[in-house]
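Please have the model open alongside.

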Amino acid sequence: MRKLIAVFLFCPVLLAQTQQQQQTPWPYRSTPQTAAAQQESFPPELLNELESIKLAALADDYAYHQVAHLTNNIGPRLSGSPQAKAAVDYVAGELRKLGLDVQLEEVKVPHWVRGAETAELTAYAGQVPGTVQKIVLTALGGSTATPVDGLNADVVVVNNFDELRALGRDKVGGKIVLFNELFDQKKAAAGLSFVAYGEAVRYRGAGPKAAADLGAVAALVRSVGNADYRLPHTGYSAPAGIPAGAVTAEDADLIARLSLQGNVRMRLTLTPQKLLDATGYNVIGDLKGSEHPEQIVVVSGHLDSWDLGTGAIDDAAGVAVAMETAEVLKQLGLHPKRTLRVIAWIDEESGGAGSRAYAADHTNEFPHHVAAIECDTGAAHPLGFDARISAAAAELLRPALNVLQSFGANALQPTNYAPGADISAMSDAGVPALGILQDGRTYFNYHHTAADTLDKIVPLELRENAAAMVVMGYALASMKNPLPR
Ligand SMILES: [Zn+2]
């Protein structure tokens, strides 16, 4: 221990950080005035309620049963699909059973269905006669189709947008472009999986369009994920007007190695269909506040999922822990002072039509939206919250976070972006926004793959997430004054 302290004191980097923290008012310094304000916001009776809520949630498998139903009985819930609608009806029914005032907010959503997806390398330098190499891949959301019997073209491999631009139209036109940007597994292993994701995912999002703009006939990206099980990861990609897919990391490596030896020719077959837009719904369930029903605290997750797995960690888990907020309060007979609004968002994965509709329909209420929480980073052990809130707000929340300290979910990590795609419009409008901060080291092993299934959820960890959501939701809805902005 002493040795560690010595290292801490004399390491120039850590010393600089310490000095910086001493000058930073938040969240490292608490003044007597802060302590008084915290006590006023969280009187002993409220703290006792929060403690009871935590214990009830940690002993409750309600959220797990919800995830089980959404994944086992309903299955994949791609935006626009019959399963997405079944999930809307199910969640609305469950929230009504809990006594909530439930509204379905209608919105047009894309309706895209996956088709065949195969690829082979049909010719490459050093090929043994008669051999083809199978490529494991999946279509990205919204991809257009190849001819039914596939298209044949040479593959050009680029590692980033600069390399693509350098090749130019001459070398990209008529080709299949493969973006081979690596997902940084070391960052993920060290707990920075969302940083790794952010670095790589822009090629999935914008790569196909960039390739199409230079005349490519199709675009592939290396899967954005960190497991080595030859699993392709699908996901949103900006409409590019050409077929777009994700190959597994292993197959991206294979193509890259062969392309160093010479031309690589691929037959690519992707036959998804874009159907007419469908009707989707945000499920909005209000537990009316006893004193300030017009003031709203949102607890939420998204109900739609990708179609390869059953969307357990992304994001039945988030919807389920938001639902449990209502269930635990009912169980304990507690009524928040402000309205707790449970939202199961639609279309997070395929373009965000649900959250856009909410922002358009509820803009006038945003001044009375006290805070919004979304859980959309999995179901693993929670460490606390990512929060885009003011320094004053962060200090006031400390007593609520202290309730979560017993299982380690008491960290508050300031962010300068909305910690949840569906609450970003609210956050941009000034509504304090929080996301549950989880151990994300394995999240991108499964995210958007066929392996996002119920077995990836550890019941104890899901209970911890529910406890974090219910405690923070009730704290925000019942603390003395609305959280300052
Ligand atoms: Zn998600």
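1. Let me start with helix 4 (residues 44-58) and helix 17 (residues 459-478), whose axes come within 8 Å and cross at roughly 155 degrees. Axes here are lines fitted to C-alpha atoms, for helices over the stretch in contact, and angles run from 0 to 180 degrees between N-to-C directions. Helices are DSSP runs (H or I, at least four residues) numbered from the N terminus. Helix 4 and helix 17 are therefore roughly antiparallel to each other, the term for angles over 145 degrees.

2. A word on provenance: this is a predicted model, where local features need pLDDT of at least 70, side-chain atom pairs count only at pLDDT 80 or more, and totals for chains, interfaces and linings use all residues. Residues are numbered from 1 along each chain as its sequence is written, and side-chain values use heavy atoms, with hydrogens and water left out.

3. The crossing of helix 4 past helix 17 is right-handed, meaning that the near helix is turned clockwise from the far one by less than a right angle. Contact (heavy atoms within 4.5 Å) is made by residues including Leu46, Leu50 and Ile53 of helix 4 and Ala467, Val470 and Tyr474 of helix 17. By class, this contact of helix 4 with helix 17 has eleven nonpolar, one polar and four charged residues. Ala, Val, Leu, Ile, Met, Phe, Trp, Tyr, Cys and Pro count as nonpolar, Asp, Glu, Lys and Arg as charged, and the others, Gly among them, as polar.

4. Asn48 also sits in helix 4. Asn48 is exposed, at 52% relative accessible area; exposed means over 50%, buried under 20%, and partly exposed in between (1.4 Å probe, protein chains only). C-alpha to C-alpha, Asn48 lies 9.3 Å from Val403, though 355 residues separate them in sequence.

5. Next, please look at helix 5 (residues 62-74) and helix 6 (residues 82-97): their axes come within 10 Å and cross at roughly 150 degrees. That makes helix 5 roughly antiparallel to helix 6. Helix 5 passes helix 6 in a right-handed crossing. Among the contact residues are Tyr62, His69 and Leu70 of helix 5 and Ala87, Tyr90 and Glu94 of helix 6.

6. Finally, the aromatics: the structure holds ten aromatic pairs, with ring centres of Phe, Tyr and Trp (its six-membered ring) within 6.5 Å. Tyr443 and Phe444 form an edge-to-face pair, 5.0 Å centre to centre with 75 degrees between the planes; edge-to-face means over 60 degrees. Both Tyr443 and Phe444 are buried. Ring pairs link Phe183, Phe194, Tyr197, Tyr443 and Phe444 into a cluster.

Terms used:
Helix = DSSP H or I, 4+ residues; strand = E, 2+ residues; numbered from the N terminus. Parallel < 35°, antiparallel > 145°, perpendicular 65-115°, else oblique. Phe/Tyr/Trp six-rings, centres within 6.5 Å; stacked < 30°, edge-to-face > 60°.
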